[in-house]
Amino acid sequence: MPAGSTYTPIATTTLGSAAASYTFSSISGSYTDLVLVCTTRVTGAVDNDDVLVTLNSDTGSNYSATYLNGNGSTATSGRNTSTSKGYWLYVVGNNAGSSTYTVDVINFNNYSNSTTYKTIISRTANSSNGAAARAGLWRSTAAITSITLNCPNSNLAAGSTFTLYGIASA
Amino acid sequence: MPLISTLSNASARGYGMFSGTPAATNSYESIATVTVGAGGSSSISFSSIPSTYKHLQVRGIIRDTRATNPDSLLLTFNSDSSTNYSYHYLNGDGSIVDAAAAASATYIFLSRFPGANQTANAFGGIVIDMLEYANTNTYKTTRSIGGYDSNGAGAVKLDSGNWRSTSAITSLTLTPANTSFVQYSSFALYGIKG
């Protein structure tokens, strides 16, 4: 039998002005999965740039990811291993048309168990760079209690929106 | 309840303790969860699925005992093991992008996840949507995103599947294409109201 409603908005923010970073902290371990929806743009005068997703403030070389990207003409796949940059998003910069943002939906499945490394699955819609999917790994058995987003080369642009949901299974 | 913090110039809005906004929505419900125990499991199933939702979603983490290559999932419905399934996929393995399809298959082929030769404690992740699963006028379509990374190997895969049946989905089974799920593999089934 169904155990009841669950897809709980934990917190959301819309940046009123450019910000160096944004952090969801003190994330409860009471859910099964987290879903982070990002509508993001950065302030750098570039077509696209990285936005890094750091978990529990871990800046060690404990992240890796495999990606699949289509840019309108070519499909590519690549990988980052043992990186300290965190899980990363590739979002539009200030060279993109105004009001253009990249949308990412990032799944942190079983984020609070203390037995397995944490797997991250995401999809990206980037009107400047195409469509992408990523599978990432954070080599830690710790529960995810904080998520920080930052752009190392510029700032998160005003109007960027980040919403974190928790899903609890029966 | 969780707290939120902003480091600069954000207009933050929280839920629960921060406002009167109800913490839970009413359209997404947990139906059941299966977590594999210490002995492993050759498959997992959800049965007696009610038809009271519009869509179903399975979310999970997966690893199996395969000692050679990463493995994939086989999805079947209502114990139908005949050739009523078809699927397409787009896959990236870190260097090569490939796409393939199969018609008249005996399952829907999904995702990639690690086995015994991959980094310990690394599991694959998956989200499967079964759209209009209770509609008795249409064949059933699935879509999923899944994959894994084990710091040196990995894959990410987009899948679509079709079950040529107008029956409502009342049960589903997920089986590793090879070997068995390991302990801590976990699958949760949710219903989404229309």
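Rings of Phe, Tyr and Trp (its six-membered ring) count as a pair if their centres lie within 6.5 Å, with planes under 30 degrees apart called stacked, over 60 edge-to-face and the rest tilted. By that rule, a search of the whole structure finds 15 aromatic pairs over all chains.

Select Phe77(B) and Tyr85(B) to begin: their ring centres are 6.5 Å apart and their planes stand at 35 degrees, so this pair is tilted. Phe77(B) has 0% relative accessibility and therefore counts as buried, a term for under 20% relative accessible area, against over 50% for exposed and partly exposed in between (1.4 Å probe, protein chains only). Tyr85(B), at 0% relative accessibility, counts as buried too.

Next, select Phe113(B) and Phe181(B), whose ring centres lie 6.4 Å apart with planes at 40 degrees, so that this pair is tilted. Because Phe113(B) lies in strand E9 (residues 108-113) of chain B and Phe181(B) in the loop between strand E13 (172-176) and strand E14 (186-192) of that chain, the pair ties together parts that are 68 residues apart in sequence; strands (E) are DSSP runs of at least two residues, numbered from the N terminus. Both Phe113(B) and Phe181(B) are buried.

Then turn to Tyr89(B), where the charged end of Lys157(B) sits over the ring, 4.3 Å from its centre, and where Arg112(B) lies over the face at 5.8 Å from the ring centre. Such a charge must have NZ of Lys or CZ of Arg within 6 Å of the ring centre and within 35 degrees of the ring normal.

This is a predicted model, in which local features need pLDDT of at least 70 and side-chain atom pairs count only at pLDDT 80 or more, while totals for chains, interfaces and linings use all residues. Residues are numbered from 1 along each chain as its sequence is written, chains are lettered from A and ligands numbered from 1 in the order in which they are written, and side-chain values use heavy atoms, leaving out hydrogens and water.

Technical notes: Helices (H or I, at least four residues) and strands (E, at least two) are DSSP runs, numbered from the N terminus.
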